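Please find below a short note on the chain under review.

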Amino acid sequence: MSRLKAALAALALVSTPALAGKTLDAIKAKGQIACGVSTGVIGFSAADSQGQWKGLDVDVCKALAAAVLGDANKVRWVPLNSQQRFTALQSGEVDILSRNTTWSLTRDAALGLHFTAVTYYDGQGFLVARKSKVTSAKQLKNAEICVQSGTTTEKNLSDYFRTQGIKVKPVVFEKFEPSIKAFFSGRCQAYTTDASALAFIRTKEAPNPDDYVVLPEIISKEPLGPAVRRGDDEWFAVVKWTINALIEAEELGITQAKVDSLKASPDPAVQRFLGVGEDLGKSLGLDREWAARAVKAVGNYGEIFNRNVGADSPLKLPRGLNAQWNKGGILYAPPLR
């Protein structure tokens, strides 16, 4: 085959619309996405007093429902604890696991699933009572530390203190609620989990938040993000690029309120994003306005962050690493083109 024919063949392959894939077909047939969430972590996924699910992880599934089904409310929420979450995804009980879950090699390579993107860059820390006078994790020699089983935090805890040459006594709990109750009752001298969750625990679960302090040490990398089953590249691509679209929308200045008005923008990147220019949806098995609907439903990544865990939330977490790459963070979406 000549170079010209090879180039034309490659171009034809690139421009061919994607097949929908079995998961996407099933979602369209049943008219809803089954989304695996936590049993209740405010800021990420938790039901409010009216039973409405809210949080950063929740908004990912709402954005997907808007992109795929045209309605952010077409989601079936499936609360899962740490031990249930991977089995539920593997078995097909859920279509996506969007549940403050750390992306690690073992999980990505050995559990029959694919992580799609990082939606929150986190790290493991420690919560202690202020009256303990502990100001550093290195002062926790022989301390009993509450930790939840079935999580990366249990191994990180062991690795960190072994490296430091410090002996501690992990007190392991299967479920989240009993573990934090044990800590606040004085069963443990410290509690360890992701720093974002510690902010929630201190703000919402402590009898008096001012009586507790998060120590300065961050002992691990905890990139949190949604996962899907292996074996369906089309659904994997839809989830991955919907998340990328939320990140890209913030960089392009496309907000929830401006989606419609920006369709008149002369910027080619904005036109592509909103489906006014070239049709990016056909490569995903979606229509041309999929990304516009996602942002119109939940806002761009910055809006999602601020509303759920940032400045406009009770947690008031700083953007930190989760700021855009051109604003001091490491958040970066591959280009939508």
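1. Basis and domain division. The model is predicted. The domain assignment divides the protein chain into domain 1, made of two segments, 22-119 and 225-322, and domain 2, which covers 123-221. Taken over C-alpha atoms, the centres of domain 1 and domain 2 are 30 Å apart. Their contact draws 14 residues from domain 1 and 16 residues from domain 2.

2. Position of the largest pocket. The largest pocket has a volume of about 340 Å³. Its lining counts 25 residues, and those closest to the centre are Ser82, Arg99, Asn100, Gln148 and Thr151. Why is the largest pocket said to lie between domain 1 and domain 2? Both domains contribute residues to its lining, and it therefore lies between them.

3. Make-up of the pocket lining. By class, the lining of the largest pocket holds 13 polar and seven charged residues, alongside five nonpolar ones.

4. The five-stranded sheet. Strand E11 also belongs to an open sheet of five strands, whose order is E10-E9-E11-E8-E12 and whose pairing is mixed. Strand E10 (169-173) and strand E12 (212-214) form the edges, each pairing on one side only. From one strand to the next, the twist averages 30°. In general, strands of a sheet pair through backbone hydrogen bonds, in either a parallel or an antiparallel manner. Here, strand E9 (residues 144-148) and E11 run parallel and are joined by two bridges. In this part of the sheet, Ile145 stands opposite Ala190 of E11.

5. The largest cavity. The structure holds one cavity of 30 Å³ or more. About 50 Å³ of space lies in the largest cavity. The residues that line it are Leu56, Val60, Thr119, Ile243, Leu246, Ile247, Tyr301 and Ile304. Helix H3 (56-69), helix H9 (233-252) and helix H12 (301-308) are the elements that give two or more residues to this lining.

6. Helix H9 gives the most to the lining of the largest cavity, with three residues. How many charged residues does this lining have? The lining of the largest cavity has no charged residues; its classes are seven nonpolar and one polar. For the largest pocket, by contrast, seven charged residues are found in the lining.

Definitions and conventions:
Residues numbered from 1 in each chain as written. Predicted model: local features only at pLDDT ≥ 70, side-chain atom pairs only at ≥ 80, totals over all residues. Heavy atoms only, no water. 1 Å grid on protein atoms, 1.4 Å probe; cavity = no way out; pocket = protein on both sides within 12 Å on 5 of 7 lines; lining within 4 Å. Points joined across faces, edges and corners; volume = space filled by probe spheres on them. Nonpolar A, V, L, I, M, F, W, Y, C, P; charged D, E, K, R; others polar. Domains from an automatic or database assignment. Pairing = 2+ DSSP bridges. Helix = DSSP H or I, 4+ residues; strand = E, 2+ residues; numbered from the N terminus. Axes fitted to C-alpha atoms, helices over the stretch in contact; angles between N-to-C directions. Contact = heavy atoms within 4.5 Å.
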